[in-house]
Amino acid sequence: MIKYIDLKAINEPYIHAADEVLQGGWYLKGEYTRRFEQAYARYIGTRHCIGCGNGLDALTLIFRAYKEMGVMKEGDEVIVPANTYIASILAITENRLLPVLVEPSADTLQINDRLIEQAITPRTRAVMIVHLYGRCAYTDKIGEICRHHDLKLIEDNAQAHGCRFLSPLTSYLSPQRTGSLGDAAGHSFYPTKNLGAFGDAGAVTTNDDELAKTVEALGNYGSSRKYVFDYAGRNSRIDELQAAMLLAKLPHLDAANGRRKEIAQRYQQEIVNSQVRLWPSCSGQRNDAVLPDSVYHIFPVFSTERDRLQRYLADNGVETQIHYPIPPHHQKCFSNWSSLSLPLTERIHAEELSIPCHQAMTDEDVSRIVSLLNSAP
Ligand SMILES: Cc1ncc(COP(=O)(O)O)c(C=O)c1O
């Protein structure tokens, strides 16, 4: 069986980090947290990194902080891609802000920057972009729209640790990492992510000093001084076990992403079957080259016979996943959106299948998957 992801193999070299924490006897708000926050901020290229409990909390705390700072208030609108994991949207609704769903572009499957402008109203306060599948969703145009309309730009970087934005306008020589492109970013270190922990963990990165201070206090019951509470906050912290693990893994992230890119390149070049369409194009067009602005958290393929293809691969020993089977606007929790028509989003959710793509795969695993896909009925 080729597993979708093999966490045991991926994490084996870092188990010593957990031992160090257990032997040290200090489990929260300690040296590993401080060192990881510093190292990750340096890696992403921001002044601040604040560890928190998970990726959903990271995004939720950003919006909550903006509300505490008077930048946003209940009922304000936030533009967000319609084709995202539900957590991006929950972070908005949990703060009683209004998500405005925008369709992706058919070429990139990332939020369509042309449609962003059309969705702006006098109540719009922010645009959230999601670097879905590990590919950079930022464009120079999005940056320009946010500056022009004075909107906050929030990045959901849960799936794209290490990804870089390659601007056609500015230099390719010093590309910025996702997580440093907007006003603030939420990161998830859920175990299967490119930089994954031993359990739940997340972080906020930002260059905004006030936002950083507010997020940190909000995740610490609302307190920045012991037993003094400026906000009615919550408890959302990264623990020392997760921080130590992430600190040990971080120096190897680029190499792991490099291996993902090698595998993706082989898929792009070798999968040839008219029934199995490759990303980035949903429209059947092939693209043989690896995408330079992707760290391939997910390698999606698309088929009108997606469920049959998934069964065929499973019957032949390959585990796959679907990201995601039901779009957010068709979920029961958002029944007020049930009549919305978002055809491209719906098509992606109906046709997407994620095939294994991670650093613990062998060349033989890749060959087997290619050969199975090429002979898929
Ligand atoms: C795009 C996206 N946003 C947010 C999250 C939420 O992260 P977490 O699971 O750490 O809460 C995830 C994780 O699954 C995600 O994929």
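A pocket is defined here, on a 1 Å grid over the protein atoms alone, as an open set of points where a 1.4 Å probe fits, with protein on both sides within 12 Å along at least five of seven lines, and its lining residues have an atom within 4 Å of a point. The structure is a predicted model, in which local features need pLDDT of at least 70 and side-chain atom pairs count only at pLDDT 80 or more, whereas totals for chains, interfaces and linings use all residues. Residues are numbered from 1 along each chain as its sequence is written, and side-chain values use heavy atoms, with hydrogens and water left out.

The largest pocket holds about 600 Å³ of space, a volume being the space filled by probe spheres set on the grid points, which are joined across faces, edges and corners. Its lining comprises 32 residues, of which Tyr-85, Ser-188, Tyr-190, Lys-193 and Tyr-324 are the closest to the centre. Helix H4 (55-68), helix H5 (86-93) and strand S8 (184-188) are the elements that give two or more residues to this lining, where helices (H or I, at least four residues) and strands (E, at least two) are DSSP runs numbered from the N terminus.

The ligand takes up the space of the largest pocket, in the sense that more than half of its atoms lie within 2 Å of the grid points. Among the residues around the ligand are Asn-54, Gly-55, Tyr-85, Ser-188 and Tyr-324, each with a heavy atom within 4 Å of it. Polar contacts (pairs of N or O atoms within 3.5 Å) include one between a ligand nitrogen and an N or O atom in the side chain of Asp-156, at 2.7 Å. Ligand oxygen atoms lie 2.9 Å from a polar backbone atom of Leu-56 and 2.9 Å from an N or O atom in the side chain of Lys-193. Taken alone, the ligand exposes 390 Å², of which the protein buries 90%, as computed by the Shrake-Rupley method with a 1.4 Å probe.

Methods. Polar contact = N/O pair within 3.5 Å; in protein donor to acceptor, adjacent residues only side chain to side chain.
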